[in-house]
Amino acid sequence: MSGSQSESMVTLRVNAADSLTEVFLVDRRFEKIAAGIGSVEAMVAPGLYKARFRVGQVQSDSLIEVPADAAVKVFDGPAVQFASPVPLRQTMTWRQEHGEAAQELSRAKTAPFRAGNGSQFFLVLRGLTEAAAQPWLGVSLHNLDGGLMAKAEHGICNAESRLCVLHLELNPGTYCLRVEEEQGEIYEMFVLTLAGWQTQIFAVAEDGWLPGVQLLRANLPEAAVLMNEMGKGFDPASPAARQTEQLRLGLLHGRKVLSQNGLQNLLAAQPLNPMNALYAAGLLQESDFVDAAAELAQHLDGLPDMELLLPGAGRAEESPSFALPPLLRKSWQLLMEAVSKEKAVIPPGSLNEQIQQGAALNTALWLMHRLG
Amino acid sequence: MFPFKHRCRMMSNKQHCAIVIGINDYPLSGLAPLKGPVNDAEDFYAWLRDPTGGNLPESNIRRILSSDFSAEEARPIPNQVEALFEPFIVNGVQGRQGERLYIFVAGHGFGDPGDISQTALYAANAKRMFPWHVAITDYVEWLHRHAVFDELVLIMDCCRTVNSWHSIREPQYVVSAGSPAADKVRCFYAFAVGRGQVARERSFADGRKSGIFTKAVLDALRVTGPDEQGRVTGGLLKNQIHNSLAKFAGDVTIEPPEIRLDSYRDITFFQRKKAAALPVQVDLQPYSGTETLVLYNGDFKEIRQEKASAASLSLELEPGLYKIAVSSTGRQKIFEVPNNERITV
């Protein structure tokens, strides 16, 4: 809205419920007058305005009255109820039973299953519809040699709750999480566990995420991954968990959810959550904040994603060799481009060579490939 | 099909042409049949023909619908759809063909797994293992590159889900360098949803199923208010669509559309004196018979004041933000037109 010279202007500050929500402000003619991440501020004439809050592909609107008798108007927006595999409060996929079970079981100091030590793997598979009563079907965890670590059905599974929780103690490292979509159709994503951290993976069982397959299976291509220090577990009301999930949604939907301030806040956290570092590295691809790359690259040292997503910030070899797969599909695409330009090497006989020769799903956030 | 003039007819009004495509049935694919696309295409065609709408001569519109065939024929196939583009390509190599081209597409669509900007329409004979399709955005890109029209308006009310096994094949048109005028082409590309998302249809008050996005687009074309120069631009249409979609979605959960345009080279769709007014019903609760209602616009300018003679009254308001208050009481409400067809104060 354009105000006349004589009209007193008001500072309108619109705050989203969390720091990674996109905020758009429009005037009475629906013309966009400001946009930001977490909040926006604009000098406006007294009048009516509309704020739009967006997380991933979900948005909600609020109307705002800016009175003439105030120099500053602050409006605090509601939390956007987005959909998530994580049972977070204030999401459209919140199920109290799932959230509370995940919270309680993730806080166990020792995991019920031990296949190593130093890190934890915590898998939550959910069904949101009656038909998805057994979300654990076909899901299993393997080491990089393909050896079975555990089947999801070995965890706590409850068809009535449509919930499965598998909690393992593992040696820190990279593992393969598989889902058998139908007999012989097995897809695999990669999961990282770190010393002192619990890797939390959440997926919802859905039908037909592969064309022509109607069986209800865990939708691993859209799985959410969080990490927390061992013993702290998962908290469905945690702003930090919500923030990490919003980073994933931003990356998944190509939204520019990292502002300079937001990035600085992420980097200021002690310790920096490893998943935040990974997602931020992916989002930096879409931004201009190159200075942060070097700082981010110090985290998750040795993870192929960081070297691929933050080139120049890591090792300086001319043609680095990548034997182990990255976690993100975006990183895999960068690796393929680097290999085609002879700027990176995939060692013969490596797991990466197997993936390269097979079929990688090019629709997932995560690097997922079909076995066999 | 009607005979097509290879150069758009010089009507006294416009040099505008259109391609309209609507496919409901996909009998070979396993894709669920749709109810909306043919209705959407017919509605868009009607708007194109409407003298107060697109105002195109019939001969400038090339149209194909799945209802032109029996459902079991699995038609149109890609060649039948691509034939609509062919004259523009053949003649477009020679140079400019007109001022504006509308391309309206409704049916099952998909995005390319590798190229995030590309979207295709499944042809009616699509199969899981042979995903026959028409690379709509490739055609539009070609027409842009060759400056065949000064303005390109693409409206795709299609899903843009991405299927790892279905990539978009470039059409078999000629390869040429393009036109130096390509930079001057103005574009308005409106997709029902972002990449990877599912477009939705639902039943409307007229008893037919329609695409929610098409409904919002057609409504925006009819009601969007002009700027200070009386122009209804692509930017204003985009704002209107983004801010009215909820009204058409009703109870259906939808994803936001993706609308691409260059604000420095925006299209002026029409000249219009003012926005069309939309009905809003105001209910007074409680109602004593002594209330006086005051209506303000988004600048807090009082635009109407009257004593309420009934517990309910009807207003006709242009799209925008408003406040209504019951005088001498604390009762007031801010609301949005569209999206608030009935309010209580």
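Reader: Take strand 15 of chain A. Is it buried or exposed? Which strands pair with strand 15 of chain A?

Author: A caution comes before the details. This is a predicted model.

Strand 15 of chain A covers residues 185–193. Seven of its nine residues are buried, so the strand is largely enclosed by the rest of the structure.

Take the partners in turn. Strand 14 of chain A spans residues 173–182 and runs antiparallel to strand 15 of chain A. Nine bridges join the two. One bridge puts A:Glu180 with A:Ile186 in strand 15 of chain A. The two strands form a hairpin with two residues between them. In that hairpin A:Gly184 has a positive phi near 85°.

Strand 20 of chain A, residues 368–370, is also a partner of strand 15 of chain A. This pairing is antiparallel too, over three bridges. Here A:Glu188 stands opposite A:His369 in strand 20 of chain A.

Burial also marks a helix of chain A. Helix 4 of chain A runs over residues 274–284 and is mostly covered. Of its 11 residues, 10 are buried. Among them are A:Met275, A:Leu278, A:Tyr279 and A:Leu283. The buried set also includes A:Pro274, A:Asn276 and A:Gly282.

Now the contact between the chains. On chain A, 22 residues are in contact with 25 residues of chain B. Strand 5 (47–55) and strand 6 (58–66) of chain A each supply at least two residues of the side that touches chain B. That side of chain A holds nine nonpolar, seven polar and six charged residues.

Next, chain B itself. Start with two helices. Helix 4 of chain B (residues 212–223) packs on helix 5 of chain B (residues 234–249) at an angle of about 130°. Their axes are 8 Å apart. Helix 4 and helix 5 of chain B are therefore oblique to each other. Their crossing is right-handed. Helix 4 of chain B brings residues including B:Ile212, B:Val217 and B:Leu221 to the contact. Helix 5 of chain B brings residues including B:Leu237, B:Ile241 and B:Phe248. By class, the residues of this contact are 10 nonpolar, two polar and two charged.

Chain B also has open sheets. One has three strands in the order 4-5-6, with antiparallel pairing. Strand 4 (109–111) and strand 6 (133–134) of chain B stand at its edges. Each has a single partner strand, so one side of each is left without a neighbour in the sheet. Strand 4 of chain B pairs with strand 5 of chain B (residues 119–122) over three bridges. B:Phe110 stands opposite B:Ala120 in strand 5 of chain B.

Another open sheet of chain B has three strands in the order 17-14-20. Its pairing is mixed. The edges are strand 17 (312–317) and strand 20 (342–344) of chain B, and each pairs on one side only. From one strand to the next, the twist averages 25°. Strand 14 of chain B (residues 278–283) pairs with strand 17 of chain B in the antiparallel sense. Six bridges link that pair. Within it, B:Gln281 stands opposite B:Ser314 in strand 17 of chain B.

Back to the strand you asked about. Strand 15 of chain A is largely enclosed. Strand 15 of chain A pairs antiparallel with strand 14 of chain A and also with strand 20 of chain A.

Methods. Residues are numbered from 1 along each chain as its sequence is written. Chains are lettered from A and ligands numbered from 1 in the order in which they are written. This is a predicted model: local features need pLDDT of at least 70, side-chain atom pairs count only at pLDDT 80 or more; totals for chains, interfaces and linings use all residues. Two residues are in contact if their C-beta atoms, placed from the backbone, lie within 7 Å. Helices (H or I, at least four residues) and strands (E, at least two) are DSSP runs, numbered from the N terminus. Ala, Val, Leu, Ile, Met, Phe, Trp, Tyr, Cys and Pro count as nonpolar, Asp, Glu, Lys and Arg as charged, and the others, Gly among them, as polar. Axes are lines fitted to C-alpha atoms, for helices over the stretch in contact, and angles run from 0 to 180 degrees between N-to-C directions. Angles under 35 degrees count as roughly parallel, over 145 as roughly antiparallel, 65 to 115 as roughly perpendicular and the rest as oblique. A crossing is left-handed if the near helix is turned anticlockwise from the far one by less than a right angle, and right-handed if clockwise. Two strands pair if DSSP finds at least two bridges between them. A residue is buried if 20 or more other C-beta atoms lie within 10 Å of its own, exposed if 12 or fewer, and partly exposed in between; C-beta atoms are placed from the backbone.
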